[in-house]
Amino acid sequence: MKYVDWLKEKGLEYRDGVLHFADMNTIEIAEKFGTPIYIISEEMIRSQYKKLKRILDSEYKNNSIHYAMKANSNLSILKILDSEGACFDCTSTGEIHTCLKAGISPSKIIYTGNMFTNDDFKFAVKNDILVNLDSISQLKRLVKIYDDLGKEKEIVSFRINPEFGAGHHSHTITAGKTIKFGILDDQVIEAYSKAKEFGFKKFGTHIHIGSGIINAYDFEKAIDKYLTIIMKLADTLDITFEFLDFGGGLGIPYRPEEDPLDLELYKTIALKKFKELVEKGNFGEPEFIIEPGRYLSAEACIILTQINTIKDNGFKMFAGTNTGFNTLLRPAMYGSYHHIITCNKKNKEKILTYDIVGPICESGDIIGKERKLPKLEEGDYLAILDTGAYGFAMSSSYNSRPRPAEILIDKGQVFKIREAETFEDLIRNQDIPEHLK
Ligand code: LLP
């Protein structure tokens with residue numbers, strides 16, 4: 001793909017040398033709202049959802065996309081996806097609370113936590129949220145909560161660990177014998193037969209093998225194993241399934257030389273095989289579920305930042321900006337690549353190599369290593385791309401730097417969807433004991 005087209009796919013283009021995102025002039029936004037700032041395009045979120053939904057609908061109508069809101073849990077993003085018809089994957093009661101605040105129906109939520117407490121179960125059962133269990137031992141505790149609350153046991157699901165994992169970094173690979181998630185193949189029959197004995201009438205199943213998978217073939221072994229397990233389960237226990245959840249993990253092209261995930265191939269690997277088995281009458285007519293986070297929100301957001309210091313130490317050039325791993329942890333945490341471009345430079349200017357660094361007091365505060373960019377000057381603006389997933393969500397106020405604002409842009413309009421934190425916010429929840437006052 002040509003570089004300009006790669007940028008265009010992400011809603012980015014230069015007009016008269018000025019970077020525009022979703023048709024908005026980035027320099028005007030930076031000057032009006034200040035930097036650093038997260039800018040989110042409503043249209044990009046909608047179009048990613050529609051692209052994925054179209055692919056699934058073309059093969060098997062009984063499907064749903066559950067947005068893994070851990071990627072970005074801003075209420076406006078949840079509302080945008082809700083209005084498109086999305087469902088939601090929550091990993092904590094805090095996330096469920098946020099969904100409910102966004103007006104999302106409990107019937108659209110699956111709660112895939114791990115290491116659940118009894119309080120987690122209470123919260124879920126009280127709010128009629130479907131729980132996707134992570135171990136056999138949790139089943140008994142969940143049943144007790146249903147009984148204590150006098151609620152009917154309807155449907156339950158287990159997360160299965162198919163042992164074949166994948167992901168952009170070892171920390172994001174979530175399947176394998178040494179990984180904490182889910183139950184292994186040889187525990188699956190026991191799990192569901194116990195659930196049946198406890199009186200659950202309906203069943204779902206789930207896998208999630210990892211995050212940031214850009215090659216669709218990386219899903220293949222896990223999905224083949226998953227389907228084999230499900231067939232054995234349906235056969236042995238004579239049960240059918242309401243849904244099979246294939247998890248998230250769908251990657252996006254962070255680097256200009258990367259092609260997007262091949263959705264047609266993903267469809268062949270996951271959905272077509274599933275559909276063939278459904279048609280053979282192997283396990284009822286379950287809903288086909290996937291739960292992407294990154295795929296829906298990552299490319300819809302850029303961080304705008306301003307360069308405050310150009311430092312040439314005689315060995316290396318540093319471009320120091322006003323944002324670091326406090327707003328985007330991924331490069332420091334996983335060595336992740338985020339493409340960085342200038343907002344106000346034309347291509348023909350002299351190209352130099354810089355480390356783009358933030359203001360955090362750690363030498364690991366590097367947003368982009370050895371980046372070739374047109375000669376930069378103090379005061380220039382930069383855009384850090386693909387920050388809509390695990391950007392704000394993993395931000396912190398480390399070094400007592402208040403988190404920046406988030407704005408939503410759509411059809412030439414700008415909406416502030418989160419105020420920037422203030423210094424007061426940093427100390428709001430603290431108390432000083434009497435003897436220190
Ligand atoms: N479902 C489950 C059960 C998950 O644990 C996750 C992500 C997802 C779905 C969504 O995965 P996605 O489609 O976004 O890849 N902080 C890391 C990613 C950690 C993902 C954790 N679980 C990063 O910045 O790359």
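Modeller: One convention comes first: Ala, Val, Leu, Ile, Met, Phe, Trp, Tyr, Cys and Pro count as nonpolar, Asp, Glu, Lys and Arg as charged, and the others, including Gly, as polar. This is a predicted model, in which local features need pLDDT of at least 70 and side-chain atom pairs pLDDT 80 or more, while totals for chains, interfaces and linings use all residues. Numbering starts from 1 along each chain, and side-chain values use heavy atoms without hydrogens or water.

Colleague: Which residues are the closest to the centre of the largest pocket?

Modeller: A pocket is an open set of points with protein on both sides within 12 Å along at least five of seven lines. The largest pocket has a volume of about 530 Å³. Of the 26 residues that line this pocket, the closest to its centre are Lys70, Thr174, His208, Ser211 and Tyr390.

Colleague: Which helix gives the most to the lining of the largest pocket?

Modeller: The lining of the largest pocket comprises six nonpolar, 13 polar and seven charged residues. Domain 1 (3-41 + 298-422) and domain 2 (42-297) each provide at least three residues of this lining, the bounds coming from an automatic or database domain assignment. Helices are DSSP runs of H or I with at least four residues, and strands are runs of E with at least two. The largest contribution, three residues, is that of residues 330-334, helix α12.

Colleague: How many nonpolar, polar and charged residues has the lining of the second largest pocket?

Modeller: The second largest pocket holds about 350 Å³ of space. Among its 21 lining residues, Ser107, Ile109, Asp128, Leu130 and Ile155 lie nearest the centre. At least two lining residues come from each of β5 (63-68), β7 (109-111) and β12 (287-290). The lining of this pocket has eleven nonpolar, three polar and seven charged residues.

Colleague: How far is a polar side-chain atom of arginine 330 from an oxygen atom of the ligand?

Modeller: Around the ligand are 21 residues, each with a heavy atom within 4 Å, and His168, Ser211, Glu291, Arg330 and Tyr390 come nearest. A polar contact is a pair of N or O atoms within 3.5 Å; tyrosine 334 places a side-chain N or O atom 2.7 Å from a ligand nitrogen, and aspartate 89 has a polar side-chain atom 3.4 Å from a nitrogen atom of the ligand. For arginine 330 and the ligand oxygen, the distance is 2.6 Å.

Colleague: Which residue does a cis peptide bond join to threonine 35?

Modeller: The residue in question is found in the loop between α2 (26-33) and β4 (37-41). Omega is about -5° for the cis bond, and the partner of threonine 35 is proline 36.

Colleague: Where is alanine 22 found?

Modeller: Alanine 22 has a positive phi of about 45°, although this residue is not a glycine. Its place is the loop between β2 (18-21) and β3 (24-25).

Conventions
On a 1 Å grid over the protein atoms alone, a cavity is a set of points where a 1.4 Å probe fits but cannot get out, and a pocket is an open set with protein on both sides within 12 Å along at least five of seven lines; lining residues have an atom within 4 Å of a point. Grid points are joined across faces, edges and corners, and a volume is the space filled by probe spheres set on the points. A polar contact is a pair of N or O atoms within 3.5 Å; within protein, one must be able to donate a hydrogen and the other to accept it, and residues adjacent in sequence count only if both atoms are side-chain atoms.
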